[in-house]
Amino acid sequence: MTLHYGSLYWPSTWPDSPRYPHLTGTASCDVLIVGGGMSGAVCGLTLARSGLDAALIEQGEIASGSSSSNTGLIQYSNDITLSDLARQIGEKDAVCFYRACKNAVEHMGVVAGSLPRDVEFNRRSSFYFASAPEDAKQLREEYELLDRHNFGAEWWDEDQIAARFPFRKEAAIVTHGDAELNPYRFVCTMVEAAAKEGLAVYEHTPMLSIEREDGRFAVRTGEGLIRANRIVLAVGYTPESAGSKRVLSKLNRSYAIATKPLPDLSGWHERFMLWETARPYLYLRATPDGRIVAGGLDEPQRQPVLTAADLRQRSQRLLAEIVKLFPDLRPELAFEWCATFGESADNLPWIGEDPDRPGIYLLLGYGGNGSVYSTIGAQLIRDLLIGEENPLARIVSPRRTCGGRGLSGSRGV
């Protein structure tokens with residue numbers, strides 16, 4: 001399945017990232033991780049640092065799937081707002097989940113600081129604005145719930161916004177404790193660090209089948225065979241690879257661009273990460289060298305566009321949206337891409353042991369917060385493997401039933 005089309009920015013920042021052998025012959029491990037994207041990388045590092053005997057296989061190259069098209073906005077707020085999630089699963093569980101997302105951002109900062117290379121992890125605040133005046137009411141409800149549970153959010157009115165930005169909006173919520181990073185460098189460097197700490201890594205090693213042999217799993221990979229006691233499926237937006245009847249999801253496509261570096265972003269208050277209440281939504285961030293990364297224009301199509309003309313049409317629209325917010329800027333297109341992203345029917349990730357296949361664990365961080373979900377999932381999977389309780393296990397379990405709620409935009413492209 002093709003996951004993206006166009007010119008990707010992040011791989012260009014590290015063209016000589018480490019490469020790994022493909023598996024030939026027979027190998028053995030306690031835990032086999034399938035997938036070399038964000039979920040597989042953070043899981044591999046977590047398990048390696050916990051002393052577990054683990055291996056990772058990737059059908060292509062590390063970070064070559066959705067991780068290459070991820071825009072690197074790391075936010076604890078979700079595509080589904082805290083207030084909507086509270087109506088869906090109850091306020092207590094919703095707050096627990098949001099709190100875990102915020103803690104995951106903190107943990108990502110700790111991980112980034114422990115890595116041998118700079119992955120451009122920078123603390124940022126987020127600016128969630130009302131796309132239309134009538135959205136201010138629902139935005140206020142969200143702010144009050146965040147404030148009641150001490151998330152440290154701020155309410156900005158129109159005058160406060162206009163004093164800091166070259167545009168006016170009815171209202172906005174400012175949240176703190178978020179971050180930006182280079183997702184490609186982050187994934188590649190986590191795998192590099194995990195390999196040095198004992199994780200066996202194989203590229204160009206597809207999982208072709210899973211069988212039971214003598215009480216263990218036997219995974220055939222074409223030229224090799226790997227035996228494992230347990231398997232973690234971190235296969236991203238290829239749900240057929242998970243092979244689970246429990247995963248209810250929808251695949252859409254979204255668009256993103258990266259501009260050429262701009263000489264002056266002083267009109268962009270503290271380089272806040274911007275997103276809006278409209279669905280699908282526009283989102284923007286800056287890079288350390290002064291580029292603007294913008295995304296949005298989601299469409300209910302499974303496959304990315306496949307022509308340069310179709311892609312360029314959306315890219316020009318994203319450039320126009322940047323200028324609407326920052327009329328003094330003259331952004332020029334440098335990179336443009338379209339990518340597939342997946343969302344679950346209830347806007348929560350699928351993490352935990354597959355109840356239909358004991359010993360097989362799902363780590364599927366569907367949604368615009370996929371990097372955050374991957375971090376949560378790696379810690380949860382580790383806890384399940386070593387027999388520790390985790391308060392999120394029930395909320396994101398593959399055993400849950402989804403209510404089939406509507407699906408919305410994604411920052412995960």
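Buried means under 20% relative accessible area, exposed means over 50%, and partly exposed lies in between, with a 1.4 Å probe and protein chains only. By that rule F127 and F165 are buried. This is a predicted model: local features need pLDDT of at least 70, side-chain atom pairs count only at pLDDT 80 or more, and totals for chains, interfaces and linings use all residues. Residues are numbered from 1 along each chain as its sequence is written, and side-chain values use heavy atoms, without hydrogens or water.

**Aromatic pairs**

- Rings of Phe, Tyr and Trp (its six-membered ring) pair if their centres lie within 6.5 Å; planes under 30 degrees apart are stacked, over 60 edge-to-face, and the rest tilted.
- The count by this rule is 20 aromatic pairs.
- Y9 and W10 have ring centres 4.8 Å apart and planes at 50°, so this pair is tilted. Y9 and W10 are both buried.
- F127 and F165 also form a tilted pair, at 4.9 Å centre to centre and 50° between the planes.
- F127 sits in strand β5 (residues 122-129) and F165 in the loop between α6 (158-162) and β7, so the pair ties together parts 38 residues apart in sequence.
- Helices (H or I, at least four residues) and strands (E, at least two) are DSSP runs, numbered from the N terminus.
- Ring pairs join F127, F129, W156, F165, F167, W268, F272 and F326 into a cluster.

**Cavity**

- A cavity is a set of points, on a 1 Å grid over the protein atoms alone, where a 1.4 Å probe fits but cannot get out; lining residues have an atom within 4 Å of a point.
- Grid points are joined across faces, edges and corners, and a volume is the space filled by probe spheres set on the points.
- The structure has one cavity of 30 Å³ or more. The largest cavity has a volume of about 70 Å³.
- Its lining includes S77, Y98, E142 and W275.
- α5 (136-148) and β7 (171-180) each give the lining at least two residues.

- S68 lies in α2 (residues 66-69). S68 is buried, at a relative accessible area of 2%.
- Leaving aside neighbours within four places in sequence, S68 contacts (heavy atoms within 4.5 Å) H4, L8, W10, P11, A63 and Y184.
- In α3 (residues 82-89), L82, S83, L85 and A86 are buried. They cover an arc of only 160° around the axis, which puts them on the same side of α3. The arc is that of the directions from the helix axis to the C-beta atoms.
- The buried residues of α3 pack against α4 (91-114) and α5.

Methods. 1 Å grid on protein atoms, 1.4 Å probe; cavity = no way out; pocket = protein on both sides within 12 Å on 5 of 7 lines; lining within 4 Å.
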